[in-house]
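Visitor: I'd like to get to know a protein structure by asking about it. Could you show it to me first?

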Amino acid sequence: MTLPVLSRRALLATAVFGTAAFAAAPLRAQTPQRAVPLGGLGLDASQFGLRPGSPDDQSRQLQAALAEAARRQAPLAIAPGRYRIGRIALPEGTNLVGVRGASVLVAAQAGPLLSARGVGRTSLRGLTLDGLDIPAPSREGLLLAEDVGQLDIQDCAFTRAGSVGLLLNRSGGSIEGSEFRSMRESALFSLDSLGLRIERNRVEDCGNNGIQLWRSQTGDERSFVRGNRVERIRADAGGDGPNGNGISLYRAGGVIIEGNQLRDCALTFIRNNSGTSVQILGNQGRRCGEVGLYSEFAFEGAIIANNLVEDCAQGANITNLDHGGRLSVFANNIVRRARRGLYPGVKEPIGGMGVHVEAEAAVTGNVIEDASEIGISLGWSWGMRNLVATGNMVRRTGIGIGVSLVPKQRNAVISGNVIAEASRGAVVGTEYGKAVTGDLTKAPDARAAGVRVENNAVG
């Protein structure tokens, strides 16, 4: 199909005479019985009786408009204004469009404002969903999607949720360029996704978590979390890890978390619990109460690279060989100002480490500065196996590099590092966190058999 090309003069004439004709026409009452096409592309929800600013619950009108739009396979447009609605079912092929920041759907009751169940495709754009902070059961969303093949959300806003902003169960799709503010629980919670793209969103002021990708069983998540801004995440429900995280993975493998900006998280910027083959790349985090970057429990194959982490109790923790946690690379990161201290819900100070690893791990090319206790921690108790620390720069720490000597068989290489201003020794053998050798860069110790310490520059 060939579209006509209008000249600039023709366009101006159309605009001028169209405006004049509109001004001269008498005002007439709207007829809500029939839908009016918008430029031949969609339907106008106002023609179904949807009125901006009305104090009435307009769920019935919006449901009717959605049904007709779905029947015609056409978009449905919502004009600027506030509309009280609740428990709207989105039919197959929904394409609901508003004006960003101006078309606001307001909770008329407790429960989801919108829900999609068992459909192949649903799309929302330019809408604001306001939950008015009405309390809701745990993990109930302003928008609920269950068994949706492709959910596309773009340029939307979710605010004042009584629990979760966006709740997804067994669904796939993309969430892009949207805002999530003032959630009692979390901005986005996904269980058993079909693969999501979560990109360029802004998440602020959540009670327990920012973005959560969880699975009921360990599996291949295949999701991307890129370019989001996550700020001010609390841990109102307490606990020692499930809450207080900017981005949280649980049993979700194959996820790439890249290029996100995270600030002021109660516990952790990014936490991977039992996710295999997860990559955490090029993120920046400032100010968290516990560990900046966490890979824990039954994970395998974590790559944590090119991140900048500042002002935490601990920069990174790659741990839990006792649960099968192993196989990682920690490379080319900057960690600074890791200070031992208290985080919400604990009574004893923790942290003070730049990075801690336990099994089949390479720590290489990192810059770690101002770690109050240990710059690089290799192993804890018997959890120490096949570790490499090479080419790192460690400065202004207690112990520069600490290595656990508890296991009877040890295999570690500590080589080619630059270690400066380590007040309690450049490389020191430890047992349960306590130093049991002198500085191994100055003299060998029989207790450190199996640990090769060579070619380090100490200042």
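This is a predicted model: local features need pLDDT of at least 70, side-chain atom pairs count only at pLDDT 80 or more; totals for chains, interfaces and linings use all residues.

Visitor: What does the C-alpha trace span along its principal axes?
Guide: The chain being laid out here has 459 residues. Along the principal axes, the C-alpha trace spans about 95 × 50 × 35 Å.

Visitor: What share of the residues count as buried?
Guide: To count as buried, a residue needs a relative accessible area under 20%. Of the 459 residues in the protein, the share that passes is 53%.

Visitor: Is Cys265 buried or exposed?
Guide: The cut-off for buried is under 20% relative accessible area. Cys265 sits at 3%, so that makes it buried.

Visitor: How many disulfides does the structure hold?
Guide: A disulfide is a covalent bond between the sulfur atoms of two cysteines. To count here, the two sulfurs must be within 2.5 Å. For Cys265, the nearest cysteine sulfur is that of Cys288, 7.0 Å away, and Cys265 is in no disulfide. For the whole structure, the number of disulfides is zero.

Visitor: How far apart do the centres of the positive and negative side chains lie?
Guide: The protein has 50 positive side chains and 43 negative ones.

Methods
Residues are numbered from 1 along each chain as its sequence is written. Side-chain values use heavy atoms; hydrogens and water are left out. Buried means under 20% relative accessible area, exposed over 50%, partly exposed in between (1.4 Å probe, protein chains only). Lys and Arg count as positive and Asp and Glu as negative; His and the chain ends are not counted. The place of a charge is taken as NZ of Lys, CZ of Arg, CG of Asp or CD of Glu.
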